[in-house]
Amino acid sequence: MTTHAVGDTAVLTGRSLRHILRSPDTIITTAVMPIAFLVLFVFVFGGAIDVGGASYVDYLLPGILLITVASGIAYTAYRLFLDLQAGIVERFQSMPIARSSVLWAHVLTSLVANLVSVAIVIGAALLMGFRSGAGVLAWLGVAGILTLFTLALTWIAVIAGLSAKTVDGASAFSYPLILLPFVSSAFVPTESMPGPVRWFAEHQPVTSIVDAIRALLAQQPVGAELWIALGWCVGILAVAAVLATALYRRKLG
């Protein structure tokens with residue numbers, strides 16, 4: 001982006017963040033469901049699930065973080081849909097601002113809000129007994145993966161917000177994304193699953209992302225899982241961003 005576009009994006013991002021600051025329950029609500037899953041699985045189901053002797057909250061947290069992001073991006077689609085319906089996007093387009101800044105403002109707002117929600121969930125996990133001896137580089141690696149994952153899902157949310165016909169439709173797209181971690185290694189090892197389900201779980205993006213984050217936090221060798229996870233995140237991000245940008249240009253002419 002040019003300097004002009006960066007400045008426009010910063011102004012519009014500030015506008016979107018002010019909406020969230022005036023309604024902090026948006027972030028809190030996003031974090032409530034993942035924390036509820038943590039409590040349910042750790043204290044109710046955790047004792048019956050064999051994860052090879054590891055602490056179940058340590059095993060579970062990476063998947064819960066992905067669910068946190070998948071829950072939070074629905075707000076991006078919702079806000080973008082409302083801006084379109086209210087004519088705010090068209091109004092911005094009539095001003096001397098970079099066209100791309102409108103979308104990027106929503107994307108960056110989503111990134112900030114979701115990372116705050118992730119931090120809240122990690123704080124809750126610490127209270128439940130989560131511990132990690134990971135160093136700074138490992139935590140930076142986790143943060144990088146979660147950032148890429150958030151950006152990838154956010155651009156999918158942008159597509160939903162641009163193409164939805166109703167408010168409910170704008171946010172309902174996130175439901176399959178929230179459910180996807182349940183058919184992965186997020187809650188139980190894939191070895192315990194029946195054949196077809198295990199094959200799907202081992203070849204969908206959530207499993208490689210969860211396994212990479214889990215290995216980094218547990219100070220274990222990451223191996224190829226890290227590159228597979230990054231490949232999924234970057235690939236989804238690139239495709240979704242291109243499709244969202246094309247849809248945005250077609251929608252506004």
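Predicted model: local features only at pLDDT ≥ 70, side-chain atom pairs only at ≥ 80, totals over all residues.

Trainee: At what angle do helix H4 and helix H7 pack?

Mentor: Helix H4 covers residues 74-85 and helix H7 covers residues 136-163. Their axes are 8 Å apart, and H4 passes H7 in a right-handed crossing. The packing angle is about 35°.

Trainee: How many residues of the contact of H4 with H7 are nonpolar?

Mentor: On the H4 side the contact is made by Thr76, Ala77, Leu80, Phe81 and Leu84. H7 brings Thr154, Ala157, Val158, Ala160, Gly161 and Leu162. Gly counts as polar here, and the contact holds three polar residues and no charged ones. The number of nonpolar residues is eight.

Trainee: The structure holds eight aromatic pairs. Of which kind is the pair of Phe37 and Phe182?

Mentor: The two ring centres are 5.5 Å apart, and rings pair if their centres lie within 6.5 Å. The planes of Phe37 and Phe182 stand at 75°, and planes over 60 degrees apart fall in one class. The pair is edge-to-face.

Trainee: How many residues apart are Phe37 and Phe182?

Mentor: Phe37 sits in helix H2, residues 25-45. Phe182 sits in the loop between helix H9 (174-179) and helix H10 (195-203).

Trainee: Is Phe37 buried or exposed? And what about Phe182?

Mentor: The cut-off for buried is under 20% relative accessible area. Phe37 has 18% relative accessibility, so Phe37 counts as buried. Phe182 has 31%, so Phe182 counts as partly exposed.

Trainee: Of which kind is the pair of Phe41 and Phe182?

Mentor: Phe41 is buried, at 13% relative accessibility. The ring centres are 6.5 Å apart and the planes are at 50°, so the pair is tilted.

Trainee: Which residues form one aromatic cluster?

Mentor: Phe182 pairs with Phe37, and Phe182 also pairs with Phe41. The cluster consists of Phe37, Phe41, Phe182 and Phe187.

Trainee: Which residue lies over the face of Tyr59?

Mentor: A charge counts as over a ring if it is within 6 Å of the ring centre and within 35 degrees of the ring normal. Here the distance from the ring centre is 3.6 Å. The residue is Arg214.

Trainee: Which residues does Thr109 touch?

Mentor: Thr109 is in helix H6, residues 100-127. Thr109 is buried, with a relative accessible area of 5%. Not counting residues up to four places away in sequence, Thr109 touches Thr13, Ser16, Leu17 and Ile20.

Trainee: What is phi of Gln219 near?

Mentor: Gln219 is in the loop between helix H11 (205-217) and helix H12 (224-252). Gln219 counts as exposed, at 56% relative accessibility. Phi is positive in this residue other than glycine, near 60°.

Trainee: How far apart in space are Lys251 and Leu162?

Mentor: Lys251 is in helix H12 and is partly exposed, with a relative accessible area of 43%. Leaving out residues up to four places away in sequence, Lys251 touches Leu84 and Leu162. Lys251 and Leu162 are 89 residues apart in sequence, and their C-alpha to C-alpha distance is 7.9 Å.

How values were computed: Residues numbered from 1 in each chain as written. Heavy atoms only, no water. Axes fitted to C-alpha atoms, helices over the stretch in contact; angles between N-to-C directions. Helix = DSSP H or I, 4+ residues; strand = E, 2+ residues; numbered from the N terminus. Left-handed = near helix turned anticlockwise from the far one by under 90°. Contact = heavy atoms within 4.5 Å. Phe/Tyr/Trp six-rings, centres within 6.5 Å; stacked < 30°, edge-to-face > 60°. Buried < 20%, exposed > 50% of the residue type's maximum accessible area, 1.4 Å probe, protein only.
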